[in-house]
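Q: I would like to learn how to read the features of a model like this one. Can we take them one at a time?

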Amino acid sequence: MAITASHAPAELAPPEPPRPRWSASEEASGLALISPTLLYAVSLLALPILIVFAYSFWSQDYLTIDRALTLENYRTALFEPMYQDLLGRSLVISLVVSLVTVAISYPIAWFISFHGGRHKNLWLFLITVPCWTSYLLRVMSWKVILGYQGVLNTGLMSAGITDQPIASLLYNSNAVVITLVHSWAAFAILPIFVSLEKIDRSLIEAARDLGDTRLMSFVRVVLPLSLPGIISALLIVMIPTVGDYVTPKLVGGKDGVMIATAIQAQFGKGANWPLGAALSVTTMIVVSAMAGLTVLALKLVVRKIR
Amino acid sequence: MPDTPMIAIDRVNKFYGIYKALSDVSLNIGAGEFFALLGPSGCGKTTLLRSIAGFDNPSSGDIRIDGHSAIGVPPNLRPTNMVFQSYAIFPHLNVEENVAYGLKRLKLGADEERRRVGAALEQVRLGHLGKRRGHELSGGQRQRVALARALVLRPKVLLLDEPLSALDKKLREEMQAELRSLQRAVGITFVLVTHDQYEALALSDRIAVMFGGRIAQVATPKEIYQHPRTKSVADFLGGMNFLSGRTLGQTASGLTVETEKFGTLTLSLPEERIEVGARATVGIRPERLRLLWDDERAPHELTGKVVNRAYFGETTHLLVGVEGLEKPLSMIETNTHGADDLPIGADIRLAYDPEAFVLLADDPPVERVH
Ligand SMILES: Nc1ncnc2c1ncn2[C@@H]1O[C@H](COP(=O)(O)OP(=O)(O)OP(=O)(O)O)[C@@H](O)[C@H]1O
Ligand SMILES: [Mg+2]
């Protein structure tokens, strides 16, 4: 999504002079107060999306844009095997990344919330520390770790577990997943932590009192009550990772290319903005559907547990 | 009380760090008994209750429930259920699902489970609200869900931690009556924690009064009100006029104590041995002092002056200064003769019954690690 927004013209319309009588109302003063941010948000969010949407129905011949409406771009985006593959892989990667991230973040958030004692804030602070360095730097450091002569391989070899470096660590979808999970973990821990903090501890005691073992009280009380946190964590991770561009480029190799690379190519070298726009819109819709389905599935599973 | 108590607490101590929350607590609670733990805030009532439920483990001592030691037994394996002070209604479940929560594990089958849930909800008169969520219920209704949820499991002991303290006065009195009749109906042991003396007096078969992690006295409501053992027990359960005196000696009918103004009193013997000539504290309840009107006469009289007055509707509380007494006497008069019209400063006569005095032991020194 960042890609689509970055090159859209930022059109800031001057605020309308308010009419005299209406201007005295509370509504007017409220709107006036938020108008700069509102305009900013509208121009930087809604406009680019609208423009991308419009472009996706046009066509381009070298440098000239033909504004006759066509569905050709969507046909290509949806039925061209290459784009199907890319979109499919992006969805799988983002689904796996978000599920793995939540699965790893949940125990950490749970530990901090239930056993953090007086040091909860310190723990949370420590978790955000990696985010202080540049995203690029963090991705690059995974290159160092996973590389052919990287930390992991030399470590494994000197420990005598393997006698040759494993070549399949870097430049594939696994590397993309590992890197993305690491990048997003902190963002998943926080919402889960917040939802766990909100759970009244006497509810857990009540569950134990009514006959649940520790594990059962977790499954029947803590898990369902922290579902909102799990869902926000999933969405926070899933939606941006589908369109991630940097990570696949740096650690994905040929095997780990995702849809954003194709979109970027159409806006760049391919010089086919309408197709790029159609790919963007398609991705946006498909990822929303996937996110919705995942949330629904989760809710159903948790409902079943009772 | 039957021979083997339902709950036997034996010399239980509980430390939080170096803070001693329970100090050498020993207590027997009989099967089918309605037992109240009464005491001021912070005296360790909740700690003791949670030790019975299994949420806190005593640092030393033994707790036996129905003949089996409960030390190290987790809460889910104890034959006890608890009604939490906050009620702890599961917010993600409706009323029926809340009540069915503990039954799920028993795998009764859908029909039997529904029947039991329905019966439990009927018992607390909530049959019509089964589909509501916790946040859609009033405080009193939530409390009934918590009761039904615990009782549906047919525990041997029901533990209640200040279940009524969040309710307004009217509803509280209503629920008190309901609790009492519920306990009679199900016939299991109830252990009720409260800091409301009237609640304890009105509901329970026996009361344990606690101060600072210790049990000060265990007795029936009447016994504990009429014969409090120590000054603080007497003070905590209703008002008490304290007088200092000196023991004179022991006769066949009891102990004689010489007091200021009230003369020589003969009191029933306390458990502790009291030395002759020692200082002693005696007390009399405010309602045992009676105003004398006009030329009414009584065998034992005193004169005094109204120092202060508070109107309580059906009664008036008076503070009466008596010459020769350090502190004014407090007394309670029903407003049938016009005690509510007595001006401050009025000269009055009051009557007392020498039999109404009790001898009070001094409180044990508060032993604290810090
Ligand atoms: N987890 C704990 N850590 C340290 N001290 C505690 C803990 N729980 C209770 N205490 C202390 O132990 C004492 C007894 O606490 P408890 O909760 O049993 O009091 P209580 O009689 O139930 O009071 P209240 O009527 O206010 O509920 C209190 O002084 C309290 O500060
Ligand atoms: Mg308490």
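Q: Which residue forms a salt bridge with B:E112?

A: A salt bridge here is a side-chain nitrogen of Lys or Arg within 4 Å of a carboxyl oxygen of Asp or Glu. B:E112 has B:R115 as its partner, with the closest N and O atoms 3.2 Å apart. The two residues are three apart in helix α3 (residues 110-123) of chain B, so about one helical turn separates them. Over all chains, the structure holds 24 salt bridges.

Q: What should I know about the model and its numbering before going on?

A: This is a predicted model, in which local features need pLDDT of at least 70 and side-chain atom pairs count only at pLDDT 80 or more, while totals for chains, interfaces and linings use all residues. Residues are numbered from 1 along each chain as its sequence is written, chains are lettered from A and ligands numbered from 1 in the order in which they are written, and side-chain values use heavy atoms, with hydrogens and water left out.

Q: How many residues does each chain give to the contact?

A: Contact means heavy atoms within 4.5 Å. Chain A gives 17 residues and chain B gives 23 residues. Buried area is the accessible area (1.4 Å probe) that two parts lose on being put together, summed over both. For chain A and chain B this comes to about 1900 Å², with 56% of it on carbon and sulfur atoms. On the side of chain A, the residues that lose the most area to chain B are A:D209, A:L210 and A:R306, together 39% of what that side buries.

Q: Which side chains meet in a salt bridge between A and B, and how many polar contacts are there?

A: The rule finds one salt bridge across this interface; the side chains are those of A:E205 and B:R50, at 2.7 Å from N to O. A polar contact is a pair of N or O atoms within 3.5 Å; within protein, one must be able to donate a hydrogen and the other to accept it, and residues adjacent in sequence count only if both atoms are side-chain atoms. Ten residue pairs (both at pLDDT 80 or more) are in polar contact across the interface of chain A and chain B. The largest share, seven residues, comes from α10(A).

Q: How are the helices and strands assigned, and what is the helix content of residues 7-237 of chain B?

A: Helices (H or I, at least four residues) and strands (E, at least two) are DSSP runs, numbered from the N terminus. Residues 7-237 of chain B are 34% helix and 26% strand, and the end C-alpha atoms are 25 Å apart. An unreviewed UniProt entry annotates that span as "domain: ABC transporter". Such annotations may be inferred rather than shown by experiment; positions are given in the numbering used here and feature names are shortened.

Q: Which residues are around ligand 1?

A: A residue is near a molecule if one of its heavy atoms lies within 4 Å of it. Those around ligand 1 include B:Y16, B:K45 and B:E162. An oxygen atom of ligand 1 is 2.5 Å from an N or O atom in the side chain of B:T46. For the side chain of B:Y19, the corresponding distance is 2.9 Å.
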